[in-house]
Amino acid sequence: MPNSAPTGTPATPVKRGRPGYDQQSVLRIAVGVFNKHGYEATSMGILAEQLGISKSAIYHHFPSKEELLRQALEEALGGLEAMLMLDGATSGAPEARLEFVLRGMIAVLVDRLPFVTLLLRLRGNTEMERDAMARRRTFDRAMTALVADAQNSGTLRDDIEAASISRLLSGTINSIVEWYRPGGKLTAEQLADDVLAMSFQGLRC
């Protein structure tokens with residue numbers, strides 16, 4: 001006689017296959033694959049293989065690979081642009097506003113590292129990528145304006161062009177994606193302290 005569950009006790013259902021992914025999980029894994037293989041070289045088939053689910057399961061969350069890219073870029077750009085609207089970036093002494101934005105850039109980068117990495121690796125091969133790069137340039141111009149305000153207030157040296165300072169600061173921060181690994185001893189706050197200490201030491205009057 002075959003074994004059966006005791007009377008009145010429902011049999012435990014057997015789970016088959018890998019568990020499903022929610023939209024954010026699919027997006028994060030897809031961004032990791034984009035960063036590893038390149039956006040253009042990554043097909044929906046490769047993404048499905050990495051996720052261990054069917055392509056139709058991905059399409060349940062995202063209608064196309066382009067939509068995956070769009071939402072990934074919005075994670076990075078939206079975080080940076082939103083930070084420029086905060087009180088710390090719009091009010092107060094010019095140097096304090098600049099420091100606030102720099103700290104905010106580092107916080108966004110650490111919190112959304114894969115997304116910012118993808119943004120920084122864009123080549124501008126599609127209209128969506130070119131639009132994202134245009135938004136980056138708008139953000140960079142806002143940074144340059146903050147540097148110029150601090151120079152005009154007399155707190156930062158003015159013998160270096162504001163645009164050059166802005167590019168050097170952004171380049172230093174953006175390079176973090178190549179070596180920083182979240183979860184280690186170096187926190188986002190300590191990282192910001194280090195970058196600002198190194199940068200402002202040579203910039204203050």
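A: Start with how space is found: rolling a probe the size of a water molecule over the atoms shows where empty space is left. On a 1 Å grid over the protein atoms alone, a cavity is a set of points where a 1.4 Å probe fits but cannot get out, while a pocket is an open set with protein on both sides within 12 Å along at least five of seven lines; lining residues have an atom within 4 Å of a point. Points are joined across faces, edges and corners, and a volume is the space filled by probe spheres set on them. This is a predicted model, where local features need pLDDT of at least 70 and side-chain atom pairs count only at pLDDT 80 or more, whereas totals for chains, interfaces and linings use all residues. Residues are numbered from 1 along each chain as its sequence is written, and side-chain values use heavy atoms, leaving out hydrogens and water.

Q: How much space lies in the largest pocket, and which residues line the largest pocket?
A: The largest pocket holds about 220 Å³. Its lining consists of F34, N35, G38, Y39, E40, A41, L118, R121, L122, R123, N125 and E129. By class, 5 are nonpolar, 3 polar and 4 charged (Ala, Val, Leu, Ile, Met, Phe, Trp, Tyr, Cys and Pro are nonpolar; Asp, Glu, Lys and Arg charged; the others, Gly among them, polar).

Q: What lines the largest cavity?
A: There is 1 cavity of 30 Å³ or more, and the largest cavity has about 130 Å³ of space. Its lining is L80, M105, L109, V116, L119, L120, R136, F139, D140, S170, I173 and N174. Two or more of these residues come from each of α6 (94-111), α7, α8 (127-152) and α9 (162-174); helices are DSSP runs (H or I, at least four residues), numbered from the N terminus. The lining has 8 nonpolar, 2 polar and 2 charged residues.

Q: At what angle do α1 and α4 pack?
A: Axes are lines fitted to C-alpha atoms, for helices over the stretch in contact, and angles run from 0 to 180 degrees between N-to-C directions. Here α1 and helix α4 (residues 65-84) pack at about 95°, their axes 10 Å apart. So α1 is roughly perpendicular to α4 (65 to 115 degrees; under 35 is roughly parallel, over 145 roughly antiparallel, the rest oblique). The contact (heavy atoms within 4.5 Å) includes L27 and F34 of α1 and L68 and A72 of α4.
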